[in-house]
Amino acid sequence: MSTEGPPPPAAPRGRPGCLLVPARTKTAVALLYDEESENAYDVRLKLTKEVLTIQKQDVVCVGGSHQGRNHRTVTLRRQAVSGLGLSIKGGSEHNVPVVISKIFKDQAADQTGMLFVGDAVLQVNGINVENATHEEVVHLLRNAGNEVTITVEYLREAPAFLKLPLGSPGPSSDHSSGASSPLFDSGLHLNGNSSNTAPSSPSSPIAKDPRYEKRWLDTLSVPLSMARISRYKAGAEKLRWNAFEVLALDGVSSGVLRFYTAQDGADWLRAVSANIRELTLQNMKMANKCCSPSDQVVHMGWVNEKLQGADSSQTFRPKFLALKGPSFYVFSTPPVSTFDWVRAERTYHLCEVLFKVHKIFTVRTRASHCCSSHAPPPGRAMFLNVELRQRAGRVGEVLQRATFMEVQRTGSRTYMCSWQGEMLCFTVDFAMGFTCFESKTKNVLWRFKFSQLKGSSDDGKTRVKLLFQNLDTKQIETKELEFQDLTAVLHCIHSFIAAKVASVDPGFMDSQSLATKYMYSS
């Protein structure tokens with residue numbers, strides 16, 4: 001099932017890759033997921049045009065005399081009816097601290113103004129409980145008398161299941177049984193085992209006591225320029241359901257961000273992607289100021305390349321694609337300066353690369369949103385995955401449009417070939433079609449229009465047979481040639497045919513299908 005939501009507006013014609021989506025500013029509470037411990041922590045996300053900020057809650061002193069460090073020592077006076085007015089979760093038997101999970105309004109804990117949901121209990125009446133079990137802490141608190149002094153520290157990365165909103169209802173506990181669960185609330189808002197029944201004075205703070213507030217504090221900023229989004233575990237096919245990670249150009253990672261609903265996850269994925277895309281368009285505009293009109297950058301963006309291991313295993317590595325002038329570039333990291341363009345891992349001429357978009361929907365794999373590129377040498381296919389469904393078709397369309405524009409700009413390409421020991425030249429021309437001539441004398445041996453090509457076949461190595469229809473006799477003529485780089489020639493023919501058809505019929509996706517029919521029918 002797709003969680004992408006409605007597709008964004010279509011790109012204007014004539015501007016490859018310019019899908020203009022307004023930058024978004026958003027704020028929401030999410031979960032930061034730790035894949036090693038499998039715990040999730042509450043965070044707040046702030047999205048601006050250029051930065052994604054991760055905030056974590058902390059308790060800060062806003063007045064009075066601060067006690068130092070992050071510890072707070074608070075004296076509670078047990079109330080006759082409501083007890084201490086708090087509940088706790090956790091315990092050492094589950095490798096989590098004992099944490100205050102509820103504070104009941106207008107009761108003892110709430111009246112101090114110094115205790116908060118998420119506070120880890122460190123001491124009870126001077127007894128260290130950092131390594132105590134849940135039941136041990138419950139016993140100490142219930143039997144501590146009418147006045148209980150506890151030392152706490154706010155746990156910024158408490159697993160989300162340990163904390164509940166202030167005053168939220170929770171499962172009731174059977175306190176008379178003496179049993180409690182560390183993963184459920186043990187309510188201490190009822191009286192403990194104290195024999196005193198006289199009501200105690202409220203646990204109200206006095207003027208000189210420090211005052212504390214729980215606030216969201218910035219802990220991490222992820223620059224979005226040239227950043228990439230990943231919804232999959234590093235190098236693997238496994239999808240992180242309803243979660244994603246943002247990785248900045250400088251290596252800073254947001255961590256795995258999880259959302260409470262699928263709709264929230266989809267909304268945030270689209271919003272962050274839109275802001276990254278907007279910044280990428282700005283970077284392209286800046287880069288193009290230094291480029292000639294024939295060498296403009298028309299597309300840049302992240303993809304994942306599928307790699308096949310020797311043991312048939314599949315891994316994925318992030319790659320940055322760029323289309324600039326006549327070339328198709330593959331980078332390991334984005335180019336940020338003019339000099340970076342020479343360090344591309346691979347560079348191909350657009351006319352010699354064949355792009356296809358695959359609409360495959362395979363459960364729990366990356367294959368649902370992908371495109372492939374067949375590029376020499378030696379004609380191997382690169383399978384590229386994108387994070388959003390809409391981007392797969394958009395990237396394929398941008399690549400194809402850029403190829404068509406390059407074909408029309410170039411006009412023709414000529415390749416050396418041979419047949420029966422004779423060196424020949426083979427030209428693919430946007431206006432003329434196919435021409436074969438002798439390399440020394442330039443004597444034309446034969447010439448056919450694109451419309452006369454009715455099929456082709458090849459041996460997958462160097463030889464190709466081109467089947468042309470004679471306009472006068474209507475008979476099929478077979479022309480056999482041998483090329484050193486056969487794949488480049490076949491892809492070039494495909495690109496020129498598709499561009500020719502598209503120049504007549506703007507329904508360019510149909511032109512791709514028609515070109516494929518010409519090239520691969522026997």
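For residues 1-21, how many contacts beyond four places in sequence does the model have?

Mentor: The model has 45 such contacts for residues 1-21, and pLDDT stays under 50 over this stretch. Here pLDDT is the predictor's confidence in each residue, from 0 to 100, and a contact means heavy atoms within 4.5 Å. Where pLDDT is low, the predicted coordinates should not be read in detail. Residues 164-180 also have pLDDT under 50 throughout, with 28 contacts beyond four places in sequence. Over the chain, the mean pLDDT is 79, and 73% of the residues reach 70 or more.

Some conventions apply to what follows. This is a predicted model, in which local features need pLDDT of at least 70 and side-chain atom pairs count only at pLDDT 80 or more, while totals for chains, interfaces and linings use all residues. Residues are numbered from 1 along each chain as its sequence is written, and side-chain values use heavy atoms, with hydrogens and water left out.

As for the whole, the chain has 6 helices and 28 strands; these are DSSP runs numbered from the N terminus, helices being H or I of at least four residues and strands E of at least two. Of its 522 residues, 48% count as buried, where buried means under 20% relative accessible area, exposed over 50%, and partly exposed in between (1.4 Å probe, protein chains only). Among contacts between residues at least 6 apart in sequence, 59% join residues at least 24 apart. Ala274 is found in helix α3 (residues 262-288) and is buried, at 1% relative accessible area.

Let us turn to the salt bridges. A salt bridge is a side-chain nitrogen of Lys or Arg within 4 Å of a carboxyl oxygen of Asp or Glu, and the structure holds 14 of them. One joins Arg346 and Glu305, with N to O at 2.8 Å. This pair links distant parts of the chain, since Arg346 is in strand β18 (residues 346-349) and Glu305 in strand β15 (residues 297-308), 41 residues apart. Arg346 is buried because its relative accessible area is 16%, and Glu305 also counts as buried, at 3%. Both residues take part in a network of salt bridges that also includes Lys319 and Glu345.

Another salt bridge lies within a helix. Glu406 and Arg409 meet at 2.7 Å, N to O, and both lie in helix α4 (residues 389-410), 3 residues apart, about one turn of the helix. Glu406 is buried, with a relative accessible area of 3%, whereas Arg409 counts as partly exposed at 46%. A further bridge joins Glu213 and Arg215, whose closest N and O atoms are 3.1 Å apart. Glu213 is partly exposed at 35% relative accessibility, and Arg215 is partly exposed at 39%.

Finally, consider helix α2 (residues 134-142), whose buried residues are His134, Val137, Val138, Leu141 and Arg142. Seen down the axis of α2, these residues fall within an arc of 125 degrees, so they line one face of the helix; the arc is that of the directions from the helix axis to the C-beta atoms.
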